[in-house]
Amino acid sequence: MIILLVLAALIALIPLFTLKGAKFGGSDDAGSAAVSEITGSEYQRGALIKGGITLETAGKVTTICLDKTGTLTVGRPQVVEIQPFASYTQEEVLSTAALAEKRSEHPLASAVMNEAKRRKLSIPDPQEFSSVFGRGVHCVYEGTTIEVSNRRRLEQLPDSEVARTFLDAQEEKGRTALLVLKNGEVIGGISIADALREQAVQAIKEMRKSGIKRIIMLTGDNEKTARSISQQVGITEYKANLFPEEKLEYIRSLQKEGEVVAMVGDGIDAPALTLSDVGIAMGAAGTDVAIESADMALMADDLGMVPFTLGLSRQALKIIKQNIWVFAVCVNIAGITLATSGYLSPIAAAVVHNVASLFVVLNSARMLNFKLNYSESETFSSKQAQSAV
């Protein structure tokens, strides 16, 4: 009898080993029911989750890294100020910058071109164009060399006090400042700003209240702009002046420290999304590279879906553990014990097993009404998530 009870206990514990090995992607009812509920409902809300392994890892995230442009901001930068130097006019500075930026595909170039279009300026095609990695753009038009550069260009300017003052003033306001040069002379500066997402502050609060230990903003912008933006959204850690490869190195260093890292960005951040433990692509509708590189793709361009999805993953861990311990382990131990003692017939055992499976499904279905209970006035519920799509 004792041998049979020991055997019953070992058989009942099989779901635990199945769960660990399958990483929520196995065929056990206790895990697969919860995974099916989440992936199906999240797809309807506009979130594509790539399987049970992603859910398990997302539920264990300790650190979130957020790109600035297009993630914390709306990703549509606009020219907010044009400062001409010497005897130049605003139109001359803008048209010169637009000439250099005309062939560029950078978001800042789009802001310059949109402002030139708004002012109905005629911009010819440059005769030569090149992009200076990490600094700006360079072109030649009718023998004139034109540059649009960032702060790194100051190191090569003989008299840079006026330009430095302009850069300092704009960066203190959280803006991105560019210098416009003609034949090596700074003729003016252009300030570009990207509005914060309306839900950014609340989303950061929800991430922190959900148990995320560290929230870090990663950006290629300068130190002052990064500090200003991070303070506005409530982020205490940030890394500025990062090249794409430096973002990868920073994520790798976090992982070496034992952190489970989630990276939130767009298709431009594909390498960082791939390297992180959980890559979350924002506004991924129609962006193949983002969908391919990320573990989660948020079709709706809504930052509020990030804490909601991570919170749902944490809840999934709890639900699956309940399914395993209550409806798999406990029921199996009780059922096998009663069956070996002669108190449970084969038919009755089959009924008990199916009833337990039914309760697994019902318990998993509770996640359909999941909401962030720790939020204050703007709780992001499943109903709000669906309306965001």
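These legends describe close-up views of a predicted model.

**View 1. The whole protein chain in the predicted model.** The chain has 389 residues, of which 47% are buried. Its secondary structure consists of 16 helices and 13 strands. Among contacts with a separation of 6 or more, 63% join residues 24 or more positions apart. The accessible surface is about 18,500 Å², and carbon and sulfur atoms contribute 55% of that area.

**View 2. An open sheet of 6 strands.** The strands follow the order E3-E8-E7-E6-E5-E4 and pair in the antiparallel sense. At the edges are strand E3 (78-84) and strand E4 (128-132), each of which pairs on one side only. From one strand to the next, the twist averages 20°.

**View 3. The pairing of strands E7 and E8.** Strand E7 covers residues 176-182, and strand E8 covers residues 185-193. The two strands are antiparallel and are joined over 7 bridges. Lys182 stands opposite Glu185, a residue of E8.

**View 4. Helix H6 on the sheet.** Helix H6, made up of residues 90-101, packs on the sheet and touches E3, E4, E7 and E8, as well as strand E5 (136-141) and strand E6 (144-149). The direction of H6 makes about 80° with that of E8.

Technical notes. Residues are numbered from 1 along each chain as its sequence is written. This is a predicted model: local features need pLDDT of at least 70, side-chain atom pairs count only at pLDDT 80 or more; totals for chains, interfaces and linings use all residues. Side-chain values use heavy atoms; hydrogens and water are left out. Two strands pair if DSSP finds at least two bridges between them. Helices (H or I, at least four residues) and strands (E, at least two) are DSSP runs, numbered from the N terminus. Axes are lines fitted to C-alpha atoms, for helices over the stretch in contact, and angles run from 0 to 180 degrees between N-to-C directions. Contact means heavy atoms within 4.5 Å. Buried means under 20% relative accessible area, exposed over 50%, partly exposed in between (1.4 Å probe, protein chains only). Accessible areas come from the Shrake-Rupley method with a 1.4 Å probe; for residues, only the protein chains shown count as cover.
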